[in-house]
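Hi everyone, thanks for making time this morning. Let's bring the model up on the screen and walk through it together.

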Amino acid sequence: MRCLVWFREDLRVNDNAALYHASKAANNGLIAVYIISAQVWRMHDIAACRVDFILRHLQILSDELRALNIPLLIIHADHIKQVPELLLQLMQAHHVDALYFNEQYEIDEMRRDGAVENLLKLHRVKVFSYTDQLMVAPGELLTMAGNYYTVFTPFKKAWLKAMVANKVMLFPAPTKQIQLPIKGDGIPAKIAEFNNSIPIALWPVGEKQAQDRLKKFTQTKIKYYAKQRDFPAIDGTSVLSPYLAAGILSPRQCLKAAMEVNNQCLDKGDEGIICWINELIWREFYKYVLYAFPRVSMHRAFKIATENIHWDNDPTLFAAWCEGRTGYPIIDAAMRQLCQIGWMHNRLRMLTAMFLVKDLLIDWRWGEKFFMQHLIDGDLAANNGGWQWAASTGTDAVPYFRIFNPTAQSKKFDPNGNFIRHYCPELAHLSHQLIHEPFECATKDIFSFAYPAAVVNHAKSRQRFLEVFKQG
Ligand SMILES: Cc1cc2nc3c(=O)[nH]c(=O)nc-3n(C[C@H](O)[C@H](O)[C@H](O)COP(=O)(O)OP(=O)(O)OC[C@H]3O[C@@H](n4cnc5c(N)ncnc54)[C@H](O)[C@@H]3O)c2cc1C
């Protein structure tokens with residue numbers, strides 16, 4: 001049988017379910033394909049730095065596959081709707097009998113895959129799909145009443161139970177295949193209109209880089225994770241999210257590495273390791289929510305009643321937030337981090353998201369879109385989950401009356417102001433008391449520098465949000 005493996009958000013040779021199964025079945029050659037579509041990236045607000053990251057990595061993946069005699073072909077699709085026909089043409093041209101891919105859970109991708117399957121079956125081509133982005137298939141986890149979970153803690157319990165039963169098994173890389181008279185395609189270095197401005201040295205590509213980062217994290221930092229993860233000035237988290245989002249690294253590889261330094265335990269043992277595993281389960285939860293409640297993929301609130309909230313959507317305030325000039329240093333430093341390196345620390349994602357929604361009264365969808373357009377780890381499930389959590393519109397979201405005070409959070413999680421100093425150098429000379437609230441010293445000489453006054457008064461905007469949310 002001649003097989004085609006379709007790479008999507010699983011850009012790795014090791015521990016790749018579809019690649020593994022395709023390589024086992026292919027006794028008459030294995031070919032790989034990746035589909036590049038600027039239209040899809042545009043439609044999904046994919047950041048230029050993420051496109052650049054993917055293209056750079058594809059080059060390495062292509063070389064690794066070539067060493068296994070698996071040519072990587074590239075399809076350029078002008079529109080997502082063309083994908084089934086283009087795949088069929090490629091398969092017919094190369095006499096392929098079966099298509100293999102790993103599942104995706106976003107609504108457009110699920111519809112696309114359904115259309116591919118229907119068309120290929122009409123042409124008697126077999127289609128095999130696998131659960132790979134998730135460690136437990138979404139259909140495996142249901143409440144006693146047979147419903148999908150909407151709350152994290154019971155989901156986590158069910159997930160842990162399933163994982164103990166499933167065990168963490170990694171799929172080996174394929175062995176060298178028979179050589180085919182088919183040459184792999186060149187990978188474009190750049191796609192017009194996606195102009196990356198983030199230094200690429202910050203985000204090296206390749207499975208080896210990802211594995212090295214994982215190893216370094218699990219062997220040194222993971223034990224301190226519970227204590228350090230909330231402090232953005234400390235390098236206390238794994239920063240593996242871009243690799244997980246592109247599938248350069250699998251969640252199983254992460255879990256296995258964590259368990260290896262935790263006496264093979266999943267749910268007890270070292271506090272830092274358990275805390276990190278918990279985040280991997282949040283990742284699973286939000287993908288599961290995407291699968292179970294497709295409306296969240298379609299710009300809809302999970303809690304439908306919250307769709308009546310009357311947002312202010314002031315474009316001037318939105319621009320101040322985007323550009324890091326709200327006058328709240330922790331918010332501004334965080335937004336500048338996002339724009340300068342394409343990544344933002346989790347505590348700051350929570351803070352900036354809540355500030356946009358609850359202090360500036362701007363629709364969470366505006367922030368969700370802006371994040372996607374700038375994040376190198378942009379992932380619909382985690383991003384939507386995080387935004388709907390902060391806006392109190394989502395599954396297991398923060399209650400609407402819980403509103404972070406940005407200044408108090410700044411003092412708590414950046415006590416010496418080191419993070420602020422790095423991204424807001426114009427404030428670097430302030431003492432670590434004043435750096436969190438420069439507006440407090442606006443009348444003094446010390447404030448003779450270019451930094452905006454606070455765009456809102458937190459106490460007043462908090463009150464306003466509470467009223468608007470109750471009415472909505
Ligand atoms: C408003 C908002 C938007 C977000 N947008 C994204 C996004 O687009 N892409 C993304 O990968 N994460 C997103 N997150 C989740 C989280 O902030 C990042 O995953 C994390 O900061 C990445 O850093 P890390 O790799 O060092 O994470 P670690 O702390 O080392 O965690 C390990 C991995 O677990 C996963 N993870 C951690 N926290 C979460 C979480 N809360 N939800 C889901 N998965 C999690 C990530 O894959 C992460 O790489 C968002 C959170 C919020 C509040």
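Let me start with a question: is N263 buried or exposed? N263 is exposed, with 10 other C-beta atoms within 10 Å. For the cut-offs, buried takes 20 or more other C-beta atoms within 10 Å of a residue's own, exposed takes 12 or fewer, partly exposed is in between, and C-beta atoms are placed from the backbone.

Before going on, a word on the source: this is a predicted model, where local features need pLDDT of at least 70, side-chain atom pairs count only at pLDDT 80 or more, and totals for chains, interfaces and linings use all residues. Residues are numbered from 1 along each chain as its sequence is written.

Back to N263, which sits in the loop between α10 (251-260) and α11 (271-292). Helices (H or I, at least four residues) and strands (E, at least two) are DSSP runs, numbered from the N terminus. Phi of N263 is near 50°, a positive value in a residue other than glycine. D15 also has a phi near 50°, and D15 belongs to the loop between β1 (3-7) and α1 (17-25). D15, though, is buried, with 22 other C-beta atoms within 10 Å.

Now the domains, whose bounds come from an automatic or database domain assignment. We have domain 1 (3-132), domain 2 (134-169 + 207-292) and domain 3 (304-471). The centres of domain 1 and domain 3, taken over C-alpha atoms, are 38 Å apart. Their contact (C-beta atoms, placed from the backbone, within 7 Å) takes 8 residues from domain 1 and 10 residues from domain 3.

Next, the ligand. Which residues come nearest to the ligand? Of the 28 around it, they are T237, S238, N346, N383 and G386; being near means a C-beta atom, placed from the backbone, within 6 Å. α16 gives the most to this shell, with 6 residues. Domain 2 and domain 3 each supply at least three residues to the shell.

Last, the packing. A nonpolar core here is a set of buried Ala, Val, Leu, Ile, Met, Phe, Trp, Tyr and Cys residues joined through C-beta atoms within 7 Å. The largest has 84 residues, and L4, V5 and Y100 have the most contacts inside it. α11 gives the most to this core, with 10 residues. Apart from it lies another core, of 37 residues, including Y328 and W364.

Thanks, and I'm happy to take questions!

Definitions and conventions: Two residues are in contact if their C-beta atoms, placed from the backbone, lie within 7 Å.
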